[in-house]
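Subject: Structure handover

Hi there,

Here is the structure I promised to pass on to you. Please have a look at it alongside the notes that follow.

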Amino acid sequence: MAFPDSFFAPYRVYARKLERRLFGVVTLRTQHSPKGKVLLSYITHPFAIQKEELDRSPHTNPWECLIIAKILLERGYDVDVIDWTNKEFLPRKNYAMVIDIHQNLKRLTPLLPKNCVKIFYATGSYWEYQNEAEQKRLSELEKRRGFILSPRRQVSQSNNLEYADYITTLGNSFTKKTYPDKGKSITSIPLFSNETYPSPEKKDFAVTKNKFVWIGGGGAIHKGLDIVLEYFAAHPEYELTICGSAPKEEDFEKAFSVELSKKNIHAVGRIDIRGEEFKKIIAEAAALIYPSCSEGQAGSVITGLHAGLIPIITSSSGVNPEPFGILLKDISTEEISGAVESIKKMSSEELKERALLTWNYAKENHTKEIFRNAYGEFIDAIISERSL
């Protein structure tokens, strides 16, 4: 199996493939005298792809997994990695720690040593909050327009909160508040973007103030694209570019065919955030609009920050937009209208100042190195507290 050699050298990587790759175990050996073993229940495919494919990934989770594994290796632990969906794996080693992203802790706990430290690496809002938030948005759409669309961001129940000794989340204080109080502290870990961009200082802000961008993957209603489309369809003086697969969801595309056909609305579909087309889009736009109802910390928003796009977002995006961005109080055309009009009224100098503040904030708070340092400090605290 291939893996990014330069990233893991000089660590030794072994992969044991079972009948299906899904049930495989990737074993990584520390170059130090091993202190113990850690089980990481996340994803294995980052260890089975070439560096070029890793760089093309639109998601941050391959890099998250690689960075966490390397942190553990550097601290003297051998690491076994399995897919979080793996229900067949049975632990046969004396693991000092286990890290899981969703719902494996309940199944694994009876099979682990009693002193094994269990860590819940939460990547989103609390499952019950997220499911209810999406259902509420779908219900609002049905009442407002009569459209009945399928939910696309529902997540299965997780008991990890009850079984974990330590918890981290990708998100801000709002994200943490979606979790019920179980008497356990939750540590926020800042997400990053797979790509960074030059400073936006050379933009022509007098031109860009009428152009806006929405970036997102699946779950158009969940991520507020319906409201965004309704506003821009009624305001042809502004342009909206939609990056991502959401407009192609069959029921959504049918329901919003009129809005999607407007001349001021451009749905470009999936796009390479490293490509020239995307760079052209962000160079010609002033702001990112992303009124999502539930996230951990929205990767599309972090990418927008690095691009110098002024964020117009909800608290539930998991990102703090102030003082450079605009916080939406709710997901409504009225809130979108107020935010867009605010951008229009700003001078070119103020838009430039906000764009630079946005760009600098991303560089100072949302990079791979910052993620690595934050998670490393979290692991170091556990090692010290538990004398591992």
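Below is what turned up on aromatic contacts, cavities and pockets.

One thing to keep in mind throughout is that this is a predicted model.

F120 belongs to strand β6 (residues 117-122), while Y179 sits in the loop between α7 (173-177) and β8 (186-189), so the contact ties together parts that are 59 residues apart in sequence. F120 has a relative accessibility of 5% and counts as buried. Y179 is buried as well, at 9% relative accessibility.

Another pair is made by F371 and Y375, which are stacked, with 6.4 Å from centre to centre and 15° between the planes. Both residues lie in helix α16 (residues 368-386), and they are four residues apart, about one turn of the helix. With a relative accessible area of 0%, F371 is buried. Y375 also counts as buried, at 0% relative accessibility. F371 and Y375 are part of one aromatic cluster, together with Y42, Y121, Y166, F192 and F378.

There is also a charge over a ring for you to look at: K368 lies over the face of W63, at 5.0 Å from the ring centre.

**Cavities**

Searching the whole structure gave two cavities of 30 Å³ or more. The largest cavity has a volume of about 50 Å³. Its lining includes E134, R152, H222, E249 and D251. By class, the lining of this largest cavity holds four nonpolar, three polar and four charged residues.

**The second largest pocket**

The lining of the second largest pocket divides into six nonpolar, four polar and six charged residues.

Happy browsing, and do write back with any questions.

Best wishes

Key
Residues are numbered from 1 along each chain as its sequence is written. This is a predicted model: local features need pLDDT of at least 70, side-chain atom pairs count only at pLDDT 80 or more; totals for chains, interfaces and linings use all residues. Side-chain values use heavy atoms; hydrogens and water are left out. Helices (H or I, at least four residues) and strands (E, at least two) are DSSP runs, numbered from the N terminus. Buried means under 20% relative accessible area, exposed over 50%, partly exposed in between (1.4 Å probe, protein chains only). Rings of Phe, Tyr and Trp (its six-membered ring) pair if their centres lie within 6.5 Å; planes under 30 degrees apart count as stacked, over 60 as edge-to-face and the rest as tilted. A charge sits over a ring if NZ of Lys or CZ of Arg is within 6 Å of the ring centre and within 35 degrees of the ring normal. On a 1 Å grid over the protein atoms alone, a cavity is a set of points where a 1.4 Å probe fits but cannot get out, and a pocket is an open set with protein on both sides within 12 Å along at least five of seven lines; lining residues have an atom within 4 Å of a point. Grid points are joined across faces, edges and corners, and a volume is the space filled by probe spheres set on the points. Ala, Val, Leu, Ile, Met, Phe, Trp, Tyr, Cys and Pro count as nonpolar, Asp, Glu, Lys and Arg as charged, and the others, Gly among them, as polar.
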